[in-house]
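I opened these notes to record what I looked up in one model. The entries follow the order in which I worked.

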Amino acid sequence: MKLTPGSKWSKHLIAAQSPELRRYLPETKLYSKTALAKLVERHGVVFVKPVYGGGGYRIFRVKKLVGQYEVKLEHQKRILSSLEAVHAWIEKVRKGKRFLVQQGVPLAKWRGRPVDLRTIVQKTETGGWEVTRLFAKAAGKDLAVTNMVIGGTASTIREYLLGIGYTSKSAKAAIRRLKAMSLQIARHYGRGYANAIYGLDIGMDRNGKFWLIEANTAPQLSIFKAGKLTPEEQRSLKLWKLYANVNKAAEQHRGSWRRSK
């Protein structure tokens, strides 16, 4: 059973093999001081994050200001006068591990906070793919990342879109585009790997363009907690159980690479 690699860099390269998916990918490179300098100069904002890891931890947001840089790491924020100082802080946290530097997507903010979108795509009974769940994640107070384990909050995507000015009709159209993109991504990974579920982190910029920030190969699903499930959650759980062996292997695979890295 060949499972999708846990490395964010490897998953980025797999997606980049597809001409159709390339347009969704923020510019991403393995971290180095040179790569940091090039991308922050080109894009103004970049994120620096571990190749292996999750939960929003050890993720830097570097923003170029006039003659200085604003750097956020979880609840810390520093204004640094040089790129050398930025690099030194990253190196102190990185400790020789492989990191990525990625173009910062200018996310369409809601209530003054960055928001990205999570779609859950699962393999169906016939071997096709289905978007079973989707929601919006807003960053916690003073945070640059939306991960819920460090303070992010969830809402429906419809609520988010209506909250930033979409009409009911345009929100429905955007959700259709989001689902189509998610299915396209799952099909591409599914051609080479056995995984039966993907959690896709997708950013929407101020122009309404969707970007694939990251593909999670063993997403944590709160639907497995006790309590009454919605029809949508029941469907997701049914598909998870249908491919339980593959899903459990993917979770073990994720645990093994996290422990080793």
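**Aromatic pairs.** I counted 4 aromatic pairs, taking rings of Phe, Tyr and Trp (its six-membered ring) to pair if their centres lie within 6.5 Å, with planes under 30 degrees apart counted as stacked, over 60 as edge-to-face and the rest as tilted. The model is a predicted one, in which local features need pLDDT of at least 70 and side-chain atom pairs count only at pLDDT 80 or more, while totals for chains, interfaces and linings use all residues. Residues are numbered from 1 along each chain as its sequence is written, and side-chain values use heavy atoms, with hydrogens and water left out.

I then looked up tryptophan 110 and tyrosine 160: the ring centres are 5.9 Å apart and the planes stand at 65 degrees, so the pair is edge-to-face. This pair links distant parts of the chain, 50 residues apart, with tryptophan 110 in the loop between strand 6 and strand 7 and tyrosine 160 in helix 5. I take helices (H or I, at least four residues) and strands (E, at least two) as DSSP runs, numbered from the N terminus. Are the two partners buried or exposed? Tryptophan 110 counts as buried because its relative accessibility is 9%, and tyrosine 160, at 0%, counts as buried too. Here buried means under 20% relative accessible area, exposed over 50%, and partly exposed in between (1.4 Å probe, protein chains only). I also noted a cluster in which ring pairs link Trp129, Tyr189 and Tyr198.

**Nonpolar cores.** I define a nonpolar core as a set of buried Ala, Val, Leu, Ile, Met, Phe, Trp, Tyr and Cys residues joined through side-chain atoms within 4.5 Å. The largest has 34 residues, and those with the most contacts inside it are Leu117, Tyr160, Leu161, Leu200, Phe210 and Leu212. Among the elements that give two or more residues to this core are helix 1, strand 7 (115–123), helix 5 (157–163) and strand 10 (197–204). Helix 6 gives the most to this core, with 9 residues. Apart from this core lies another, of 20 residues, including Leu36, Val46, Leu73 and Val86.

For leucine 212 I listed contacts (heavy atoms within 4.5 Å). Leaving aside neighbours within four places in sequence, leucine 212 is in contact with Ala15, Tyr24, Leu25, Pro26, Met181, Ile185, Leu200, Asp201 and Ile202.

**Cavities.** I found 3 cavities of 30 Å³ or more. On a 1 Å grid over the protein atoms alone, a cavity is a set of points where a 1.4 Å probe fits but cannot get out, and lining residues have an atom within 4 Å of a point. The largest cavity holds about 120 Å³ of space, a volume being the space filled by probe spheres set on the points, which are joined across faces, edges and corners. Its lining includes Lys8, His12, Gln102, Tyr189 and Leu212. Strand 11 gives the most to this lining, with 4 residues.

**Two single residues.** Glutamine 103 is in strand 6 and counts as buried because its relative accessibility is 12%. Among its contacts beyond four places in sequence are Pro26, His43 and Trp211.

Lysine 209 sits in the loop between strand 10 and strand 11 and, at 34% relative accessibility, counts as partly exposed. Lysine 209 and tyrosine 24 are 185 residues apart in sequence and 8.4 Å apart in space, C-alpha to C-alpha.

Conventions. On a 1 Å grid over the protein atoms alone, a cavity is a set of points where a 1.4 Å probe fits but cannot get out, and a pocket is an open set with protein on both sides within 12 Å along at least five of seven lines; lining residues have an atom within 4 Å of a point.
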